[in-house]
Each structure stands twice: as structure tokens, then as C-alpha cells.
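Let's take a walk through a protein model together. Have the 3D view open and turn it as you read.

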Amino acid sequence: MSHVQPVRVGPIEIRTICEGWAALALADESPGQTVDWDGERERRPWAFFGSDRWRWHVHAFVVRLPSGMIVVVDTGVGDFPPYAPWEESVEDPWADVEAAEVRHVLVTHLHADHAGGTVIGGAPAFPNAMVHVHEADWSAFAGSTDADDYVARHAMSSLLELGMISITDTDREVVPGVQLRHTPGHTPGHRSVILSHGNDVILLTGDLLHLPTQAAHPGWWSSHDEDPQLGAASRRLLLWRAAHDGWRVAVPHFARPFGSVGSKGWLE
Ligand SMILES: [Zn+2]
Ligand SMILES: [Zn+2]
């Protein structure tokens, strides 16, 4: 049972899988900025841990369409071997997900906490699904020297051999109501996902943001972005669009992932 309640976009249901959380240092966030962390902590205590850390949750989203088709957006760490960051982890968080019913897996990018769960025990975690990856990430991560990144990409080569990976560089609708949007910066091929039913829209950001503070200051650079200038540009553009058009927003690493963006920042 996830600590996050399901939400809906029209008839589309979005469940949140929580694998756990780790406490990360605030000192590593928003380089070059003086942030009033005490004030931030008072406004949103759920996002923080102790006096100098924040709660980095690892969430994935399971989207059930009116047709009954299931689309998974990010896959968490899974049993990815070198990666055990947890302060607290959840026992078997994917237990209630009908893996065989999943037809599409949208991986926002190839970091281990998003792509690690595509392969479990050397086999496809979602045996009947096509896994969608942006071409720029597939190329970039092939040459990565970072062990975590290299292994995630390497594990996924078995999916490529099985014909289960779709590598493209275009923004498109995977199935009606589910769109891929290239939002580079965090990684070269980073994607966000837009779920819509008429005017009811929810933006699954991927790693466009890590802390709610960034919603008020989308132009601040992030130490998590490979290209901070491009990351800030993607964040500004998508959050402007979300605020302007009244989209809801879901951020996988927020302890409380669902909210929206107003002129003063993150709204719950
Ligand atoms: Zn969580
Ligand atoms: Zn991440």
C-alpha cells in the first residue's frame, strides 16, 4: 500500500509506487543561491529531514487508461545491484502491479532510480511492454563511465536484443492521452510525460525538479542537472506552461508528489 493516494485525470487513474526514501544533503542543492531552508522547512515539513537534509523519495507512476491498458512511467531502482540508498525502503512495492498487463514503459531518463527496475533478475520486469527511451540518452549513457549509469544502460541492452526498446528522438503521443515531451538538461534525452483528458492535464515532470523550492525559482541551477543551463530552461518552460494552462504537476522525488504551480511556487 503506497503512502500516496491515487489521482485521476478524467477516466485515467494514476497510482504512485514508492520504493523508499533517502536523506540527501541540502548543502548540495541550488548551488550559488542563499536559500532560507528554515523558512522552507516551516512551510513544507514533509519535504525535509533533520536540520540539514531533505527527503528524496523514489516514486514511479502506474497509469491505467480507460481501455484497461497500463502504462508505467519510470520503474524505480528495482533490484539494481550497486544501488541501495535507502533510509527507509518499502517491501515489494510493485506487488500489486499486474506486470504482464503493462504495454508501455516510459523511462524519463536512464539514471538507475528511473530505469533500474526495467530489468529484474536479468529478465524484463514487464514482459509484454515496449520500453521507450530518448535517443540522446541511449547514446550518452552508452559511453558513461559512471558505474551506476553504465550498468542501467547495459542491463537494458538485453531488452534491446529482445526488441523491447523503442529509441526515438521525437515528441509524440504513445497512446491517446499519453504524450512524451523532450525536456533536456538533467540528462541529454530527459523526457517528461503529459497525461491529458480534454482540458484536464497532469505533467509528470521526471527530474525537472527535486525540491519544491525550485517551483518558485525555476531558473536556479540544479546540481542534479548534467547541463544546468539547459535544465533550467526546460524547467522554466514546462512550469510556465503548467501554471499558465492550469495543469497539475507530479514530481517523482517529492515526498508528496502531486501539486501544481502558481506565481509563488509549489501549491499542494
Ligand atoms: Zn514515497
Ligand atoms: Zn531521479
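Which residue in S5 is the bridge partner of valine 63? It's valine 71. Before we follow that pair any further, keep in mind that this is a predicted model.

**The whole chain**

Let's start zoomed out. The protein chain has six helices and 18 strands. Its C-alpha trace spans about 50 × 45 × 35 Å along the principal axes. A compact globule of 268 residues would have a radius of gyration near 18 Å, and this chain has 17 Å, so the two agree. Buried residues make up 43% of the 268 residues. Now take the contacts with a separation of 6 or more: 69% of them link residues 24 or more positions apart.

S4 covers residues 53–64, and ten of its twelve residues are buried.

| Strand paired with S4 | Residues | Bridges | Direction |
|---|---|---|---|
| S2 | 12–25 | twelve | antiparallel |
| S3 | 48–49 | two | antiparallel |
| S5 | 70–73 | four | antiparallel |

You can pick out single pairs in the view. Arginine 15 stands opposite valine 62 in S4, while phenylalanine 49 has arginine 53 of S4 as its bridge partner.

The links between these strands are worth a look too. S3 and S4 form a hairpin with three residues between the strands, where glycine 50 takes a positive phi near 60 degrees. S4 and S5 form a hairpin as well, with five residues between them. In that turn, glycine 68 has a positive phi of about 100 degrees.

In soluble globular proteins, nonpolar side chains tend to be buried together. In this model, the largest nonpolar core has 63 residues, and Val63, Val72, Val73 and Leu203 are those with the most contacts inside it. Strand S4 supplies the largest share of this core, seven residues.

What does valine 72 touch, leaving out residues up to four places away in sequence? The list is Ala60, Val62, Val102, Val105 and Phe126.

**An open sheet with a helix on it**

Now move further along the chain. Seven strands form an open sheet in the order S12-S13-S14-S15-S16-S17-S18, with mixed pairing. Strands S12 (173–175) and S18 (265–267) are at the edges with a single partner strand each, so one side of each has no neighbour in the sheet. Neighbouring strands of this sheet are turned by 35 degrees against each other on average, ignoring direction.

Look for serine 260, which stands opposite leucine 267 in S18. Helix H6 (residues 228–245) packs on the sheet, where it touches S14, S15, S16 and S17. The direction of H6 makes about 90 degrees with that of S17.

**A one-sided helix**

One last stop is helix H3, residues 135–142. Asp137, Trp138 and Phe141 are buried there. These three cover an arc of only 100 degrees around the axis, which means they lie on the same side of H3.

Note on methods. Residues are numbered from 1 along each chain as its sequence is written. Chains are lettered from A and ligands numbered from 1 in the order in which they are written. This is a predicted model: local features need pLDDT of at least 70, side-chain atom pairs count only at pLDDT 80 or more; totals for chains, interfaces and linings use all residues. A nonpolar core is a set of buried Ala, Val, Leu, Ile, Met, Phe, Trp, Tyr and Cys residues joined through C-beta atoms within 7 Å. A residue is buried if 20 or more other C-beta atoms lie within 10 Å of its own, exposed if 12 or fewer, and partly exposed in between; C-beta atoms are placed from the backbone. Two residues are in contact if their C-beta atoms, placed from the backbone, lie within 7 Å. Two strands pair if DSSP finds at least two bridges between them. Axes are lines fitted to C-alpha atoms, for helices over the stretch in contact, and angles run from 0 to 180 degrees between N-to-C directions. The radius of gyration is taken over C-alpha atoms; the globule rule is 2.2 Å times the number of residues to the power 0.38. The arc is that of the directions from the helix axis to the C-beta atoms.
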